[in-house]
Amino acid sequence: MQRKKLELTVIPQKTYYGSNTDKHGARLDVYLEEADDTWPGGATVYDIEPDQNDKLQNKKALPKRTRFYHAKIDAASLKSGEDYRCLKNVIVLMIMPYDPFTLNRMVYTIQNGCVEAPEMPYDDGARTLYLYTRGTEGNPPGKLQQLLHYMEHTTEENAQNDSLRGIQKMVEEIKHDGEVSLEYMKIFEREKMLIDEGFERGQAQERANTEREKQRADAAETKAAAAEQEILRLKQELQKLRIQTEPSK
């Protein structure tokens, strides 16, 4: 971002709940707030979202998804009675191993402007950056290129500057930290358990539906067989009556 680092607050997986039970909430992967007393808003918020879902439906929804993130952060950052000048700047960063707009750019910067006069200054404090880790077009800063390449292939060989070497050191420490690994495994196992439980419930429901349909089919087959037997019996009775009513020769 080529910004001077000020006072930072980092919150992993910050959650914004819906205003009501039927409203959509949002869970931000990394919420980072940069303090700045030089303007009324007092801070810039960064929402960092790694994303690997490259399905066409997801890619088409990206602009509205980031619009929603902006809206949730804005609504939470302005207190009742505060002037709109106090609204924090918000930058949403989507980091992805797929090209969201098929232009092979490493950086796509999105911000609002005037359609009729693109050169007209218009700063509402909102920006969205889509960072494509494999992009080759454009000329982003060298450190950003190194960072995105490192995120694509997180190895010691790809930690090409001091910042990345510091990150790599933390990665190695976390890998060897029993408590962190255990907690990660607990989280992973809980998520897997929930997925498995959901799958098992689905399987059980499917088996129940299959059994119910089988019972219906068996019942229908039994009724059809009984009806066929009844028709045969009636035919036999009718035949007897015909024999009894025929005149003797």
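Tyr108 counts as buried because its relative accessibility is 7%, where buried means under 20% relative accessible area, exposed over 50% and partly exposed in between, with a 1.4 Å probe and protein chains only. The model is predicted, so that local features need pLDDT of at least 70 and side-chain atom pairs count only at pLDDT 80 or more, while totals for chains, interfaces and linings use all residues. Residues are numbered from 1 along each chain as its sequence is written, and side-chain values use heavy atoms, with hydrogens and water left out.

Tyr108 also takes part in an aromatic pair with Phe101. Rings of Phe, Tyr and Trp (its six-membered ring) pair if their centres lie within 6.5 Å; planes under 30 degrees apart count as stacked, over 60 as edge-to-face and the rest as tilted. A pair of aromatic rings is described by the distance of the centres and the angle of the planes. For Phe101 and Tyr108 these values are 5.1 Å centre to centre and 75° between the planes, which is edge-to-face. Phe101 itself, at 28% relative accessibility, counts as partly exposed. Phe101 forms an edge-to-face pair with Tyr130 as well, at 4.9 Å centre to centre and 90° between the planes. Because Phe101 lies in the loop between strand 4 and strand 5 (107–111) and Tyr130 in strand 6 (residues 126–132), this pair ties together parts that are 29 residues apart in sequence. Tyr130 is buried, with a relative accessible area of 2%. A search of the whole structure finds 2 aromatic pairs, and ring pairs link Phe101, Tyr108 and Tyr130 into a cluster.

Most residues other than glycine have a negative phi, and most peptide bonds are trans. Thr102, in the loop between strand 4 and strand 5, has a positive phi of about 55° although it is not a glycine. Asn104 is placed in the loop between strand 4 and strand 5 and has a positive phi of about 60°, again without being a glycine. Thr102 is exposed, with a relative accessible area of 63%, whereas Asn104 is partly exposed at 28%.

In soluble globular proteins, nonpolar side chains tend to be buried together. A nonpolar core is a set of buried Ala, Val, Leu, Ile, Met, Phe, Trp, Tyr and Cys residues joined through side-chain atoms within 4.5 Å. The largest such core has 12 residues: Tyr31, Val45, Leu62, Tyr69, Ile73, Val90, Val92, Met94, Met96, Tyr98, Tyr108 and Tyr130. Helix 1 (56–77) and strand 4 (89–96) each supply at least two residues of this core, and strand 4 gives the most, with 4 residues. A second, separate core of 11 residues includes Tyr46, Met106, Leu144 and Leu148.

Helix 1 has buried residues Asn58, Leu62, Thr66, Tyr69, His70, Lys72, Ile73 and Ser77. At Leu62, shortly before the proline Pro63, helix 1 has a kink of about 50°, the bend at a residue being the angle between axes fitted to the seven residues ending there and the seven starting there. The expected span of a helix is 1.5 Å times one less than its number of residues. The 22 residues of helix 1 should therefore span 32 Å, which agrees with its end C-alpha atoms being 32 Å apart.

The chain as a whole contains 4 helices and 6 strands, taken as DSSP runs (helices H or I, at least four residues; strands E, at least two) numbered from the N terminus. Along the sequence they follow the pattern β-β-β-α-β-β-β-α-α-α. Buried residues make up 22% of the 249 residues in the chain. A search of the whole structure finds 0 disulfides, a disulfide being a pair of cysteine sulfur atoms within 2.5 Å. Cys86 is partly exposed, with a relative accessible area of 23%, and Cys114 is partly exposed at 21%.
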